[in-house]
Amino acid sequence: MKRKRILKNFIFSWTVIILLGMVILSAGAQDATVVYTEGDVDIDHGYGSRELALIGDPLQNGESIITGPVGFAELERNTSTTITVEPDTIFTLEQTVEDGEERSVMRCTLGSVAYRFQQIRGKEPYLVTPSAVAGIRGTEVIVTTADDGSSLFIVESGTVEVEAEDSRVVLEAEEGVEVRPGERPGEKFEVQRGGIDFSEWREARREEFIEDPVSSALALERRFSGLIRKVEELAPVYAENKRWLEHERELMKKIELEKGTDAKWEYYREKVYPLEVDTHNAFITLRYWAKSAFSLRRFVLGRMYLSLKTSYIENLQDPKFVEFLEVYRRILAGYEDKVVPRLKDGDLI
Amino acid sequence: MIFRNIIRMACAGAVLCSFLLFSGCATVPVSEKPARVESLLARLEQGDAESNTRLTHVPFVLDGEIMATRKDARLMWENLAGISGLFSDPEIERIYPAGPEEYGKFAGTADMRVFFDRALPENTTVVEVETSFGSFLLLVSGKRFGVPVLVGLKGPVQ
(Lines give C-alpha, C1' and ligand atoms only; values in the text may rest on other atoms or scores of the structure.)
Protein backbone atom coordinates (compact mmCIF):
# COMPACT_ATOMS: atom_id res chain seq x y z
CA MET A 1 0.00 0.00 0.00
CA LYS A 2 2.82 2.34 0.99
CA ARG A 3 4.77 1.39 -2.14
CA LYS A 4 1.73 2.13 -4.29
CA ARG A 5 1.37 5.57 -2.70
CA ILE A 6 5.06 6.36 -3.25
CA LEU A 7 4.72 5.30 -6.89
CA LYS A 8 1.63 7.48 -7.32
CA ASN A 9 3.40 10.53 -5.88
CA PHE A 10 6.46 9.78 -7.98
CA ILE A 11 4.37 9.73 -11.16
CA PHE A 12 2.55 12.94 -10.22
CA SER A 13 5.81 14.76 -9.39
CA TRP A 14 7.32 13.77 -12.73
CA THR A 15 4.16 14.79 -14.58
CA VAL A 16 4.41 18.27 -13.03
CA ILE A 17 8.15 18.46 -13.86
CA ILE A 18 7.54 17.39 -17.47
CA LEU A 19 4.65 19.86 -17.85
CA LEU A 20 6.78 22.69 -16.47
CA GLY A 21 9.60 21.66 -18.79
CA MET A 22 7.21 21.77 -21.76
CA VAL A 23 6.11 25.27 -20.74
CA ILE A 24 9.76 26.40 -20.51
CA LEU A 25 10.62 24.75 -23.84
CA SER A 26 7.61 26.28 -25.56
CA ALA A 27 8.67 29.67 -24.21
CA GLY A 28 12.15 29.03 -25.61
CA ALA A 29 10.66 28.10 -28.97
CA GLN A 30 9.20 31.60 -29.15
CA ASP A 31 12.71 33.08 -29.47
CA ALA A 32 14.03 34.26 -32.80
CA THR A 33 17.41 33.90 -34.48
CA VAL A 34 19.36 36.61 -36.27
CA VAL A 35 19.92 35.31 -39.80
CA TYR A 36 21.30 38.45 -41.48
CA THR A 37 22.72 41.81 -40.42
CA GLU A 38 24.08 44.84 -42.20
CA GLY A 39 25.57 48.00 -40.64
CA ASP A 40 25.01 48.86 -36.97
CA VAL A 41 22.82 46.21 -35.33
CA ASP A 42 22.87 45.67 -31.56
CA ILE A 43 21.12 43.20 -29.28
CA ASP A 44 20.01 44.76 -26.01
CA HIS A 45 19.89 41.97 -23.42
CA GLY A 46 18.55 44.25 -20.68
CA TYR A 47 20.35 44.89 -17.39
CA GLY A 48 22.64 47.34 -19.22
CA SER A 49 24.13 44.68 -21.48
CA ARG A 50 24.20 45.60 -25.14
CA GLU A 51 26.37 44.03 -27.84
CA LEU A 52 26.82 43.76 -31.57
CA ALA A 53 24.32 41.33 -33.12
CA LEU A 54 25.94 38.54 -35.10
CA ILE A 55 24.38 36.07 -37.51
CA GLY A 56 23.19 33.06 -35.51
CA ASP A 57 22.60 35.01 -32.29
CA PRO A 58 19.31 34.19 -30.56
CA LEU A 59 16.90 36.97 -29.61
CA GLN A 60 15.08 35.91 -26.47
CA ASN A 61 11.95 37.19 -24.78
CA GLY A 62 12.62 40.59 -23.25
CA GLU A 63 15.53 41.34 -25.59
CA SER A 64 15.61 44.01 -28.29
CA ILE A 65 17.22 44.54 -31.68
CA ILE A 66 18.38 48.15 -32.12
CA THR A 67 19.47 49.19 -35.60
CA GLY A 68 21.50 52.28 -36.48
CA PRO A 69 20.96 54.73 -39.37
CA VAL A 70 22.29 52.17 -41.89
CA GLY A 71 21.56 49.09 -39.81
CA PHE A 72 19.36 46.28 -41.07
CA ALA A 73 18.58 42.88 -39.60
CA GLU A 74 16.59 39.83 -40.54
CA LEU A 75 15.35 37.36 -37.94
CA GLU A 76 13.68 33.98 -38.26
CA ARG A 77 11.42 32.22 -35.89
CA ASN A 78 10.61 28.50 -36.15
CA THR A 79 11.62 28.75 -39.86
CA SER A 80 8.10 29.97 -40.67
CA THR A 81 8.27 33.61 -39.57
CA THR A 82 10.59 36.22 -41.02
CA ILE A 83 11.06 39.55 -39.29
CA THR A 84 12.86 42.34 -41.15
CA VAL A 85 14.09 45.17 -38.95
CA GLU A 86 14.74 48.37 -40.91
CA PRO A 87 17.24 51.16 -40.00
CA ASP A 88 16.74 53.32 -36.87
CA THR A 89 14.39 50.79 -35.29
CA ILE A 90 13.85 49.32 -31.84
CA PHE A 91 12.22 45.89 -32.01
CA THR A 92 11.52 43.80 -28.91
CA LEU A 93 10.25 40.26 -28.30
CA GLU A 94 7.96 39.93 -25.30
CA GLN A 95 5.01 37.89 -24.09
CA THR A 96 1.62 38.33 -22.50
CA VAL A 97 -1.25 36.08 -21.44
CA GLU A 98 -4.77 36.14 -22.82
CA ASP A 99 -7.58 33.83 -21.73
CA GLY A 100 -5.05 31.75 -19.82
CA GLU A 101 -2.84 31.22 -22.88
CA GLU A 102 0.57 32.76 -23.47
CA ARG A 103 0.84 34.97 -26.56
CA SER A 104 4.08 36.27 -27.93
CA VAL A 105 4.40 40.00 -28.53
CA MET A 106 6.50 41.64 -31.24
CA ARG A 107 6.94 45.26 -30.34
CA CYS A 108 8.09 47.91 -32.81
CA THR A 109 8.68 50.97 -30.60
CA LEU A 110 10.50 53.14 -33.10
CA GLY A 111 11.23 52.71 -36.80
CA SER A 112 9.90 50.07 -39.14
CA VAL A 113 9.51 46.27 -39.13
CA ALA A 114 8.17 43.93 -41.83
CA TYR A 115 6.71 40.57 -40.79
CA ARG A 116 6.04 37.50 -42.91
CA PHE A 117 4.14 34.71 -41.16
CA GLN A 118 3.88 31.58 -43.30
CA GLN A 119 2.65 29.09 -40.76
CA ILE A 120 1.94 29.88 -37.15
CA ARG A 121 2.21 27.20 -34.49
CA GLY A 122 0.01 27.88 -31.49
CA LYS A 123 -1.56 31.27 -30.88
CA GLU A 124 -0.85 34.10 -33.29
CA PRO A 125 1.53 36.76 -31.94
CA TYR A 126 0.49 40.33 -31.30
CA LEU A 127 2.19 43.11 -33.22
CA VAL A 128 2.46 46.08 -30.89
CA THR A 129 3.36 49.72 -31.56
CA PRO A 130 3.24 52.73 -29.22
CA SER A 131 -0.31 53.50 -30.38
CA ALA A 132 -1.95 50.16 -31.27
CA VAL A 133 -2.03 46.37 -31.05
CA ALA A 134 -2.62 44.09 -34.04
CA GLY A 135 -3.63 40.44 -34.25
CA ILE A 136 -2.70 38.58 -37.43
CA ARG A 137 -3.82 35.64 -39.54
CA GLY A 138 -1.39 34.22 -42.15
CA THR A 139 0.09 37.52 -42.98
CA GLU A 140 2.72 39.71 -44.57
CA VAL A 141 2.54 43.06 -42.85
CA ILE A 142 4.72 46.15 -42.49
CA VAL A 143 4.53 48.14 -39.29
CA THR A 144 6.16 51.54 -39.03
CA THR A 145 6.14 54.14 -36.28
CA ALA A 146 6.83 57.86 -36.15
CA ASP A 147 8.59 60.01 -33.56
CA ASP A 148 5.25 61.14 -32.10
CA GLY A 149 4.19 57.53 -31.41
CA SER A 150 1.85 57.25 -34.41
CA SER A 151 1.91 53.99 -36.32
CA LEU A 152 1.07 52.74 -39.77
CA PHE A 153 0.01 49.17 -40.57
CA ILE A 154 0.21 48.04 -44.20
CA VAL A 155 -0.99 44.53 -45.08
CA GLU A 156 0.50 42.79 -48.11
CA SER A 157 -1.31 39.46 -47.67
CA GLY A 158 -3.59 37.82 -45.10
CA THR A 159 -5.65 39.65 -42.49
CA VAL A 160 -4.71 41.96 -39.66
CA GLU A 161 -6.98 43.26 -36.91
CA VAL A 162 -5.72 46.56 -35.51
CA GLU A 163 -6.99 47.64 -32.10
CA ALA A 164 -6.60 50.96 -30.32
CA GLU A 165 -8.71 52.70 -27.66
CA ASP A 166 -11.23 49.80 -27.69
CA SER A 167 -11.91 50.22 -31.39
CA ARG A 168 -10.98 47.67 -34.10
CA VAL A 169 -10.31 47.79 -37.81
CA VAL A 170 -9.83 44.66 -39.94
CA LEU A 171 -7.35 45.04 -42.77
CA GLU A 172 -7.17 42.73 -45.78
CA ALA A 173 -4.41 42.51 -48.40
CA GLU A 174 -3.29 45.86 -49.84
CA GLU A 175 -5.01 47.86 -47.14
CA GLY A 176 -3.50 50.10 -44.51
CA VAL A 177 -4.44 52.20 -41.51
CA GLU A 178 -2.81 54.95 -39.46
CA VAL A 179 -3.19 55.04 -35.68
CA ARG A 180 -2.27 58.11 -33.65
CA PRO A 181 -1.50 57.80 -29.94
CA GLY A 182 -4.57 57.97 -27.72
CA GLU A 183 -6.92 57.80 -30.73
CA ARG A 184 -8.96 55.10 -32.45
CA PRO A 185 -7.60 53.67 -35.72
CA GLY A 186 -8.20 56.04 -38.63
CA GLU A 187 -10.06 55.22 -41.84
CA LYS A 188 -8.47 52.30 -43.64
CA PHE A 189 -7.08 53.03 -47.11
CA GLU A 190 -6.02 51.09 -50.18
CA VAL A 191 -2.33 50.59 -50.78
CA GLN A 192 -0.59 49.80 -54.05
CA ARG A 193 2.38 47.47 -53.54
CA GLY A 194 5.39 49.71 -52.86
CA GLY A 195 3.10 52.73 -53.06
CA ILE A 196 3.83 54.12 -49.60
CA ASP A 197 6.89 56.20 -48.81
CA PHE A 198 7.39 55.53 -45.12
CA SER A 199 10.10 58.15 -44.67
CA GLU A 200 7.78 60.81 -46.14
CA TRP A 201 5.02 59.75 -43.74
CA ARG A 202 7.41 59.81 -40.77
CA GLU A 203 8.70 63.24 -41.76
CA ALA A 204 5.14 64.59 -42.05
CA ARG A 205 4.30 63.29 -38.58
CA ARG A 206 7.50 64.81 -37.22
CA GLU A 207 6.77 68.20 -38.76
CA GLU A 208 3.30 68.15 -37.24
CA PHE A 209 4.81 67.39 -33.83
CA ILE A 210 7.36 70.22 -34.09
CA GLU A 211 4.60 72.60 -35.20
CA ASP A 212 2.28 71.68 -32.33
CA PRO A 213 4.23 69.77 -29.66
CA VAL A 214 1.64 70.27 -26.96
CA SER A 215 -1.13 68.48 -28.90
CA SER A 216 1.24 65.59 -29.64
CA ALA A 217 2.28 65.38 -25.99
CA LEU A 218 -1.36 65.45 -24.86
CA ALA A 219 -2.19 62.63 -27.29
CA LEU A 220 0.71 60.63 -25.88
CA GLU A 221 -0.53 61.36 -22.37
CA ARG A 222 -3.97 59.93 -23.27
CA ARG A 223 -2.34 56.74 -24.53
CA PHE A 224 -0.10 56.61 -21.46
CA SER A 225 -3.06 57.06 -19.11
CA GLY A 226 -4.81 54.12 -20.83
CA LEU A 227 -1.77 51.93 -20.16
CA ILE A 228 -1.60 53.06 -16.54
CA ARG A 229 -5.30 52.18 -16.13
CA LYS A 230 -4.49 48.62 -17.28
CA VAL A 231 -1.61 48.45 -14.81
CA GLU A 232 -3.84 49.72 -12.00
CA GLU A 233 -6.59 47.22 -12.85
CA LEU A 234 -4.20 44.28 -12.83
CA ALA A 235 -1.91 45.18 -9.91
CA PRO A 236 -4.51 44.39 -7.19
CA VAL A 237 -5.52 41.18 -9.01
CA TYR A 238 -1.91 40.00 -9.00
CA ALA A 239 -1.37 41.08 -5.37
CA GLU A 240 -4.52 39.26 -4.25
CA ASN A 241 -3.58 36.09 -6.20
CA LYS A 242 -0.12 36.16 -4.69
CA ARG A 243 -1.43 36.63 -1.16
CA TRP A 244 -3.98 33.86 -1.63
CA LEU A 245 -1.34 31.53 -3.08
CA GLU A 246 0.91 32.02 -0.06
CA HIS A 247 -2.05 31.29 2.19
CA GLU A 248 -2.92 28.08 0.28
CA ARG A 249 0.70 26.91 0.35
CA GLU A 250 0.71 27.28 4.15
CA LEU A 251 -2.53 25.31 4.34
CA MET A 252 -0.98 22.59 2.17
CA LYS A 253 1.90 22.24 4.65
CA LYS A 254 -0.58 21.87 7.51
CA ILE A 255 -2.56 19.23 5.57
CA GLU A 256 0.62 17.22 5.02
CA LEU A 257 1.38 17.27 8.74
CA GLU A 258 -2.16 16.38 9.74
CA LYS A 259 -3.33 14.04 6.94
CA GLY A 260 -0.18 12.83 5.14
CA THR A 261 1.48 13.20 1.73
CA ASP A 262 -1.43 11.87 -0.36
CA ALA A 263 -3.78 14.50 1.03
CA LYS A 264 -1.14 17.18 0.42
CA TRP A 265 -0.77 16.28 -3.28
CA GLU A 266 -4.50 16.13 -3.73
CA TYR A 267 -4.82 19.60 -2.22
CA TYR A 268 -2.01 20.82 -4.47
CA ARG A 269 -3.76 19.49 -7.62
CA GLU A 270 -7.13 20.93 -6.70
CA LYS A 271 -6.29 24.25 -5.07
CA VAL A 272 -2.66 25.29 -5.29
CA TYR A 273 -1.73 24.45 -8.88
CA PRO A 274 -4.64 26.36 -10.54
CA LEU A 275 -3.79 29.32 -8.33
CA GLU A 276 -0.13 29.11 -9.34
CA VAL A 277 -1.16 29.26 -13.00
CA ASP A 278 -3.50 32.23 -12.38
CA THR A 279 -0.81 34.10 -10.43
CA HIS A 280 1.78 33.48 -13.15
CA ASN A 281 -0.64 34.70 -15.83
CA ALA A 282 -1.54 37.82 -13.84
CA PHE A 283 2.16 38.56 -13.38
CA ILE A 284 2.98 38.18 -17.10
CA THR A 285 0.04 40.36 -18.14
CA LEU A 286 0.81 43.05 -15.58
CA ARG A 287 4.41 43.10 -16.73
CA TYR A 288 3.32 43.39 -20.37
CA TRP A 289 1.27 46.53 -19.67
CA ALA A 290 4.00 48.01 -17.47
CA LYS A 291 6.58 47.38 -20.20
CA SER A 292 4.25 49.00 -22.75
CA ALA A 293 4.11 52.12 -20.58
CA PHE A 294 7.90 52.00 -20.15
CA SER A 295 8.48 51.85 -23.94
CA LEU A 296 6.18 54.80 -24.53
CA ARG A 297 7.85 56.85 -21.81
CA ARG A 298 11.45 55.96 -22.64
CA PHE A 299 11.55 55.86 -26.41
CA VAL A 300 8.69 58.06 -27.63
CA LEU A 301 8.46 60.69 -24.89
CA GLY A 302 12.27 60.68 -24.60
CA ARG A 303 12.73 61.48 -28.28
CA MET A 304 10.01 64.14 -28.11
CA TYR A 305 11.88 65.79 -25.21
CA LEU A 306 15.21 65.63 -27.05
CA SER A 307 13.73 67.12 -30.23
CA LEU A 308 12.14 70.03 -28.40
CA LYS A 309 14.87 70.75 -25.87
CA THR A 310 17.52 70.98 -28.58
CA SER A 311 15.22 73.00 -30.86
CA TYR A 312 14.34 75.52 -28.14
CA ILE A 313 17.69 75.60 -26.32
CA GLU A 314 18.17 79.30 -27.12
CA ASN A 315 14.75 80.15 -25.72
CA LEU A 316 13.71 77.69 -23.04
CA GLN A 317 11.01 80.12 -21.88
CA ASP A 318 9.12 79.80 -25.18
CA PRO A 319 5.46 79.09 -24.28
CA LYS A 320 5.36 76.05 -26.60
CA PHE A 321 8.29 74.45 -24.79
CA VAL A 322 7.04 75.44 -21.33
CA GLU A 323 3.58 73.98 -22.04
CA PHE A 324 5.13 70.82 -23.43
CA LEU A 325 7.21 70.50 -20.25
CA GLU A 326 4.06 70.60 -18.11
CA VAL A 327 2.59 67.59 -19.95
CA TYR A 328 6.00 65.88 -19.98
CA ARG A 329 6.35 66.21 -16.20
CA ARG A 330 2.82 64.86 -15.63
CA ILE A 331 3.64 61.75 -17.67
CA LEU A 332 6.92 61.30 -15.78
CA ALA A 333 5.16 61.60 -12.42
CA GLY A 334 2.61 58.92 -13.43
CA TYR A 335 5.41 56.71 -14.68
CA GLU A 336 7.45 56.96 -11.47
CA ASP A 337 4.41 56.50 -9.27
CA LYS A 338 2.46 53.75 -11.07
CA VAL A 339 4.78 51.97 -13.50
CA VAL A 340 8.26 51.83 -11.96
CA PRO A 341 7.09 49.84 -8.89
CA ARG A 342 5.85 47.12 -11.30
CA LEU A 343 9.21 46.71 -13.09
CA LYS A 344 12.58 45.30 -12.09
CA ASP A 345 15.78 47.33 -12.24
CA GLY A 346 16.89 45.36 -15.28
CA ASP A 347 13.80 46.49 -17.19
CA LEU A 348 14.72 50.14 -16.80
CA ILE A 349 17.83 50.12 -18.99
CA MET B 1 85.12 54.47 -20.47
CA ILE B 2 83.52 57.76 -19.38
CA PHE B 3 81.72 57.92 -22.69
CA ARG B 4 80.34 54.39 -22.16
CA ASN B 5 79.07 55.34 -18.67
CA ILE B 6 77.35 58.40 -20.08
CA ILE B 7 75.63 56.24 -22.70
CA ARG B 8 74.56 53.75 -20.01
CA MET B 9 73.16 56.52 -17.80
CA ALA B 10 71.33 58.08 -20.75
CA CYS B 11 69.78 54.72 -21.64
CA ALA B 12 68.72 54.10 -18.03
CA GLY B 13 67.26 57.63 -17.88
CA ALA B 14 65.33 57.04 -21.10
CA VAL B 15 63.93 53.76 -19.78
CA LEU B 16 62.94 55.44 -16.50
CA CYS B 17 61.31 58.38 -18.33
CA SER B 18 59.32 56.07 -20.64
CA PHE B 19 58.23 54.00 -17.64
CA LEU B 20 57.02 57.10 -15.83
CA LEU B 21 55.34 58.42 -18.99
CA PHE B 22 53.52 55.19 -19.82
CA SER B 23 52.59 54.39 -16.22
CA GLY B 24 51.15 57.92 -16.03
CA CYS B 25 49.08 57.26 -19.16
CA ALA B 26 47.85 53.98 -17.78
CA THR B 27 46.63 55.44 -14.50
CA VAL B 28 44.97 58.69 -15.61
CA PRO B 29 42.09 58.06 -18.01
CA VAL B 30 41.59 60.59 -20.81
CA SER B 31 38.19 61.42 -19.32
CA GLU B 32 39.91 62.88 -16.23
CA LYS B 33 42.27 65.17 -18.13
CA PRO B 34 40.92 68.73 -18.38
CA ALA B 35 42.92 69.46 -21.55
CA ARG B 36 41.38 66.47 -23.31
CA VAL B 37 37.88 67.41 -22.18
CA GLU B 38 38.49 70.94 -23.52
CA SER B 39 39.58 69.40 -26.83
CA LEU B 40 36.31 67.43 -26.91
CA LEU B 41 34.32 70.62 -26.27
CA ALA B 42 36.25 72.45 -29.00
CA ARG B 43 35.36 69.69 -31.47
CA LEU B 44 31.71 69.67 -30.43
CA GLU B 45 31.64 73.46 -30.76
CA GLN B 46 32.67 73.16 -34.41
CA GLY B 47 29.13 71.89 -34.82
CA ASP B 48 29.57 69.16 -37.41
CA ALA B 49 26.57 66.91 -36.66
CA GLU B 50 28.15 63.88 -38.28
CA SER B 51 31.42 64.02 -36.34
CA ASN B 52 29.65 65.04 -33.10
CA THR B 53 27.44 61.96 -33.45
CA ARG B 54 30.58 59.83 -33.72
CA LEU B 55 31.86 61.43 -30.52
CA THR B 56 28.67 60.52 -28.65
CA HIS B 57 28.30 57.24 -26.81
CA VAL B 58 25.03 55.32 -27.26
CA PRO B 59 23.10 55.08 -24.99
CA PHE B 60 23.61 58.61 -23.70
CA VAL B 61 21.94 60.95 -21.25
CA LEU B 62 20.27 64.26 -22.09
CA ASP B 63 19.10 66.02 -18.92
CA GLY B 64 16.85 63.35 -17.34
CA GLU B 65 16.43 61.24 -20.49
CA ILE B 66 18.31 58.10 -21.47
CA MET B 67 18.57 58.05 -25.25
CA ALA B 68 18.95 54.61 -26.78
CA THR B 69 19.73 55.03 -30.47
CA ARG B 70 22.30 56.58 -32.76
CA LYS B 71 19.42 58.38 -34.48
CA ASP B 72 18.78 60.23 -31.20
CA ALA B 73 22.43 61.34 -31.10
CA ARG B 74 22.27 62.51 -34.72
CA LEU B 75 18.98 64.33 -34.15
CA MET B 76 20.43 66.13 -31.13
CA TRP B 77 23.54 67.32 -32.98
CA GLU B 78 21.57 68.31 -36.09
CA ASN B 79 19.37 70.52 -33.93
CA LEU B 80 22.33 71.97 -32.03
CA ALA B 81 24.45 72.50 -35.15
CA GLY B 82 23.24 76.05 -35.72
CA ILE B 83 23.75 77.19 -32.12
CA SER B 84 26.96 79.13 -31.76
CA GLY B 85 28.85 79.46 -28.48
CA LEU B 86 27.29 76.40 -26.88
CA PHE B 87 30.68 75.09 -25.75
CA SER B 88 32.92 78.08 -26.45
CA ASP B 89 35.33 79.55 -23.84
CA PRO B 90 34.91 76.56 -21.53
CA GLU B 91 36.07 76.83 -17.95
CA ILE B 92 36.20 73.45 -16.32
CA GLU B 93 35.27 73.79 -12.68
CA ARG B 94 35.42 70.18 -11.52
CA ILE B 95 36.09 66.72 -12.87
CA TYR B 96 35.32 63.69 -10.73
CA PRO B 97 34.41 60.01 -11.15
CA ALA B 98 30.76 59.34 -12.00
CA GLY B 99 29.98 56.91 -9.20
CA PRO B 100 26.51 55.34 -8.91
CA GLU B 101 25.56 57.92 -6.28
CA GLU B 102 25.95 60.82 -8.75
CA TYR B 103 22.78 59.95 -10.71
CA GLY B 104 20.70 62.56 -8.87
CA LYS B 105 22.74 65.33 -10.49
CA PHE B 106 21.07 64.40 -13.79
CA ALA B 107 17.66 63.22 -12.52
CA GLY B 108 16.47 61.71 -9.25
CA THR B 109 14.57 58.94 -11.07
CA ALA B 110 14.70 55.16 -10.93
CA ASP B 111 15.75 55.03 -14.60
CA MET B 112 18.76 57.28 -13.99
CA ARG B 113 19.73 55.40 -10.83
CA VAL B 114 19.79 52.12 -12.74
CA PHE B 115 21.63 53.69 -15.69
CA PHE B 116 24.39 55.01 -13.41
CA ASP B 117 24.51 51.75 -11.52
CA ARG B 118 24.67 49.39 -14.48
CA ALA B 119 25.15 51.06 -17.84
CA LEU B 120 27.83 53.75 -17.47
CA PRO B 121 30.99 52.90 -19.39
CA GLU B 122 34.21 52.37 -17.43
CA ASN B 123 36.06 55.45 -16.15
CA THR B 124 33.16 57.82 -16.77
CA THR B 125 33.64 61.20 -15.15
CA VAL B 126 31.32 64.08 -14.35
CA VAL B 127 32.56 67.40 -15.69
CA GLU B 128 31.16 70.67 -14.38
CA VAL B 129 31.84 73.32 -16.99
CA GLU B 130 30.95 76.93 -17.59
CA THR B 131 30.79 78.09 -21.21
CA SER B 132 29.75 81.37 -22.78
CA PHE B 133 26.28 79.81 -23.18
CA GLY B 134 25.85 78.73 -19.54
CA SER B 135 26.65 75.97 -17.04
CA PHE B 136 26.67 72.35 -18.16
CA LEU B 137 27.15 68.99 -16.55
CA LEU B 138 28.82 66.46 -18.81
CA LEU B 139 29.50 62.77 -18.58
CA VAL B 140 32.58 61.73 -20.52
CA SER B 141 34.38 58.45 -20.90
CA GLY B 142 36.75 56.39 -23.06
CA LYS B 143 38.66 57.78 -25.99
CA ARG B 144 37.91 58.26 -29.67
CA PHE B 145 40.08 60.29 -32.07
CA GLY B 146 42.27 61.31 -29.10
CA VAL B 147 39.47 62.85 -27.03
CA PRO B 148 36.97 61.40 -24.56
CA VAL B 149 33.49 60.48 -25.75
CA LEU B 150 30.35 62.30 -24.58
CA VAL B 151 28.10 60.00 -22.50
CA GLY B 152 25.79 62.64 -21.08
CA LEU B 153 24.85 66.29 -21.22
CA LYS B 154 22.73 68.37 -18.90
CA GLY B 155 22.15 72.04 -19.35
CA PRO B 156 22.30 74.88 -19.61
CA VAL B 157 21.65 74.41 -15.89
CA GLN B 158 19.18 77.09 -14.78
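Predicted model: local features only at pLDDT ≥ 70, side-chain atom pairs only at ≥ 80, totals over all residues.
In which sense do strand β1 and strand β6 of chain B pair, and over how many bridges?

**View 1. β1 and β6 of chain B, side by side.** Strand β1 (residues 56-62) and strand β6 (residues 147-154) of chain B pair in the parallel sense, over three bridges. To find your place, look for L62(B): its bridge partner in β6(B) is L153(B).

**View 2. The whole sheet of chain B.** Zoom out from that pair and you have an open sheet of six strands, in the order β2-β1-β6-β5-β4-β3 (chain B). The pairing in this sheet is mixed. Its edge strands are β2 (65-67) and β3 (91-97) of chain B, each of which pairs on one side only. From one strand to the next, the twist averages 25°.

View 3. A handy landmark is I92(B), which stands opposite V129(B) in β4(B). Is β3(B) buried or largely in the open? Of its seven residues, the number buried is zero, so β3(B) lies largely in the open.

**View 4. Helices across β1 and β2 of chain B.**

**View 5. Helix α5 of chain B and its cover.** Which residues of helix α5 (residues 110-119) of chain B are buried? They are D111(B), M112(B), V114(B), F115(B) and F116(B). What covers these buried residues includes β1 and β2 of chain B. For the setting, chain B has five helices and six strands, and 34% of its 158 residues count as buried.

**View 6. Where chain A meets chain B.** The contact takes 26 residues from chain A and 23 residues from chain B. On the side of chain A that touches chain B, α4(A) gives the most, with 10 residues. By class, that side of chain A has 12 nonpolar, six polar and eight charged residues.

**View 7. The largest nonpolar core.** This core has 109 residues, and those that touch the most other members are I65(A), L127(A), V141(A), F153(A), V162(A), A293(A) and V140(B). Helix α4(A) gives the most to this core, with 15 residues. At least three residues come from each of domain 2 (32-204) and domain 3 (215-348) of chain A. In general, nonpolar side chains tend to be buried together in soluble globular proteins.

**View 8. A closer look at A293(A).** Leaving aside residues up to four places away in sequence, A293(A) touches F224(A), L227(A), I228(A), V231(A), Y335(A) and V339(A). If you step back to chain A as a whole, its secondary structure comes to five helices and 15 strands. Buried residues make up 40% of its 349 residues. The C-alpha trace of chain A spans about 80 × 45 × 40 Å along its principal axes.

Methods: Residues numbered from 1 in each chain as written. Chains lettered and ligands numbered in written order. Pairing = 2+ DSSP bridges. Helix = DSSP H or I, 4+ residues; strand = E, 2+ residues; numbered from the N terminus. Axes fitted to C-alpha atoms, helices over the stretch in contact; angles between N-to-C directions. Buried ≥ 20, exposed ≤ 12 C-beta atoms within 10 Å, placed from the backbone. Contact = placed C-beta atoms within 7 Å. Nonpolar A, V, L, I, M, F, W, Y, C, P; charged D, E, K, R; others polar. Core = buried A, V, L, I, M, F, W, Y, C linked by C-beta atoms within 7 Å. Domains from an automatic or database assignment.
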